[in-house]
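Visitor: I have a structure open and would like to go through it piece by piece. Can we start with the strands and then move to the side chains?
Guide: Fine, here it is.

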Amino acid sequence: QVQLQESGPGLVKPSQTLSLTCTVSGGSITNRADAWFWIRQPPGKGLEWMGVIAYDGTTNYSPSLKSRTSLSRDTSKNQFSLQLSSVTPEDTAVYFCARDRDQEGMDYWGKGTLVTVSS
């Protein structure tokens, strides 16, 4: 059973960088069939795809967030991370990490973590 767990600060000040980590168990982030996503959901709004990191470390970002987003990974810890810079209150959201296997859709999700941007 694959499990994903988001971790990081729940409160970030405006203009700072939001940093979250997703720890994966029950599966390897280097499995060729898998890609690993960050998605967020602002209060009262729908899901927004932020970025993806593939099994080989290749990244791709949402065009609307590309200038502020960076994904990375630590294969020794089986973790991948999100950094979102220059945050504003509009970046307040529940942040999820998820897995896509064989480009068939996201089959495993973390429970999500609420990040509030406020001074």
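Visitor: How many bridges join E4 to E9, and do they run parallel or antiparallel?
Guide: Eight bridges join E4 to E9, and the two strands run antiparallel. Bear in mind that this is a predicted model.

Visitor: Which residue in E9 is the bridge partner of Ala35?
Guide: Asp100 is the partner of Ala35.

Visitor: What about E9 and E11, how do they pair?
Guide: In the antiparallel sense, over three bridges. Within that pairing, Tyr95 has Thr113 in E11 as its bridge partner.

Visitor: And E9 with E10, how many bridges there?
Guide: Three bridges, again antiparallel, with E10 covering residues 106–109.

Visitor: Which residue in the hairpin of E9 and E10 takes a positive phi?
Guide: Asp102, with phi near 55°. That hairpin has four residues between the strands.

Visitor: Is E9 mostly buried or exposed?
Guide: Seven of the nine residues of E9 are buried, so the strand is largely enclosed by the rest of the structure.

Visitor: On to packing. Which residues touch the most other members of the largest nonpolar core?
Guide: Leu4, Leu18, Val24, Trp38, Phe80, Leu82 and Tyr95, out of 24 residues in that core.

Visitor: Which elements give two or more residues to this core?
Guide: Strands E3 (18–25), E4 (34–41), E5 (48–54), E8, E9 (93–101) and E11 (113–117). The largest share is four residues, and it comes from E3.

Visitor: Where is the other core, and which residues are in it?
Guide: It lies apart from the largest one and has five residues, among them Ala35, Phe37, Val52 and Ala98.

Visitor: Why does Cys22 count as buried?
Guide: Because the relative accessible area of Cys22 is 0%, and buried means under 20%. Cys97 also counts as buried, at 0% relative accessibility.

Visitor: Now the rings. How many aromatic pairs are there?
Guide: The count comes to three aromatic pairs. One of them is Trp36 with Phe80, a tilted pair at 5.8 Å centre to centre and 50° between the planes. Trp36 is in strand E4 and Phe80 is in strand E8, 44 residues apart.

Visitor: Are Trp36 and Phe80 buried or exposed?
Guide: Trp36 counts as buried at 1% relative accessibility. Phe80 counts as buried at 1% too.

Visitor: Why is the pair of Phe96 and Trp109 edge-to-face?
Guide: Because the planes of Phe96 and Trp109 are at 80°, with the ring centres 5.7 Å apart. For edge-to-face the planes have to be over 60 degrees apart. Phe96 belongs to strand E9 and Trp109 to strand E10, 13 residues apart.

Visitor: Is Trp109 buried or partly exposed?
Guide: Partly exposed, at 36% relative accessibility. Phe96 counts as buried, at 14%.

Visitor: Last one. Which residues do ring pairs link into a cluster?
Guide: Trp36, Trp38 and Phe80.

Terms used: Residues numbered from 1 in each chain as written. Predicted model: local features only at pLDDT ≥ 70, side-chain atom pairs only at ≥ 80, totals over all residues. Heavy atoms only, no water. Core = buried A, V, L, I, M, F, W, Y, C linked by side-chain atoms within 4.5 Å. Buried < 20%, exposed > 50% of the residue type's maximum accessible area, 1.4 Å probe, protein only. Pairing = 2+ DSSP bridges. Phe/Tyr/Trp six-rings, centres within 6.5 Å; stacked < 30°, edge-to-face > 60°.
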